[in-house]
Amino acid sequence: KQVLQKYTDITFGAWVSAIEDIEYNEMPQTLTFPTEYCQMLNCPSPEIAEKMFHRIDDVRKAGDSVGGVITCAMQNVPVGLGEPVFGKLHAALGAAMLSINAVKGFEYGSGFAGTKMRGSAHNDVFFADEKKEIHTKTNFSGGIQGGISNGEEIYFRVAFKPTATIMQTQETVDKEGNITLLLPKGRHDPCVVPRAVPIVEGMAALVLVDFCLLSRRFSQM
């Protein structure tokens, strides 16, 4: 993060966008956490963060666990990071995120929602602004096309499963295959998602630094 801040104009941040079926679907213009609930949950919406907190607390009291989603957005990523076949930018981001414990899914841009759209609606139309700089009118591609950054905001979502160890007796088998009971002990998080936000940011930063170095456009690094 410090390298990117010193040598580039890239900015980025991540936040909790879903806990179970409680969702925050907006893309915040400025990422802030104004209330105690927001800070605890790493969610920018006070109302949604409070609902998420109480859902996790209810799950904890029941001795169960719950999963969720973290969204990350990156601005001012220069055009041309990535390769068209080997070394796709989104593939590297996906590999980094899927290496995090408890992660079960990764999608960028429109993701799975794009399967419900037609090409005429999903295609990002290019245009030149008043400064003759080229942009896209929409950003369903998530800032990456053909594995290469196109200068638009890059955004992706990371899905985390419920914590495996729960404070309930579960049936399992021993090494001989006999049915036995699993009796959990100790302290176990009912939800790991809020604590994973800085991990997602850290992994994203590592990928971006790698690609900036590979591009050779930041030789001063």
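User: Which residues in H4 meet which residues in H6?

Analyst: First, the ground rules. This is a predicted model, where local features need pLDDT of at least 70, side-chain atom pairs count only at pLDDT 80 or more, and totals for chains, interfaces and linings use all residues. Residues are numbered from 1 along each chain as its sequence is written, and side-chain values use heavy atoms, leaving out hydrogens and water. Helices (H or I, at least four residues) and strands (E, at least two) are DSSP runs, numbered from the N terminus. Contact means heavy atoms within 4.5 Å. Here, Leu89, Ala92, Leu93, Ala96 and Met97 of H4 meet Val200, Met203, Ala204, Val207 and Phe211 of H6. These contact residues are ten nonpolar, no polar and no charged. Nonpolar covers Ala, Val, Leu, Ile, Met, Phe, Trp, Tyr, Cys and Pro; charged covers Asp, Glu, Lys and Arg; the others, Gly among them, are polar.

User: At what angle do H4 and H6 pack?

Analyst: Axes are lines fitted to C-alpha atoms, for helices over the stretch in contact; angles run from 0 to 180 degrees between N-to-C directions. H4 (residues 89-98) and H6 (residues 193-215) pack at about 145°, axes 9 Å apart.

User: Is Asn42 buried or exposed?

Analyst: Buried means under 20% relative accessible area, exposed over 50%, partly exposed in between (1.4 Å probe, protein chains only). Asn42 has 18% relative accessibility, so it counts as buried. Asn42 sits in the loop between H2 (36-41) and H3 (46-61). Its phi is positive, about 55°, although Asn42 is not a glycine.

User: Where does Lys132 lie?

Analyst: Lys132 lies in the loop between strands S5 (126-128) and S6 (134-136). Lys132 is not a glycine, yet has a positive phi of about 65°. At 70% relative accessibility, Lys132 counts as exposed.
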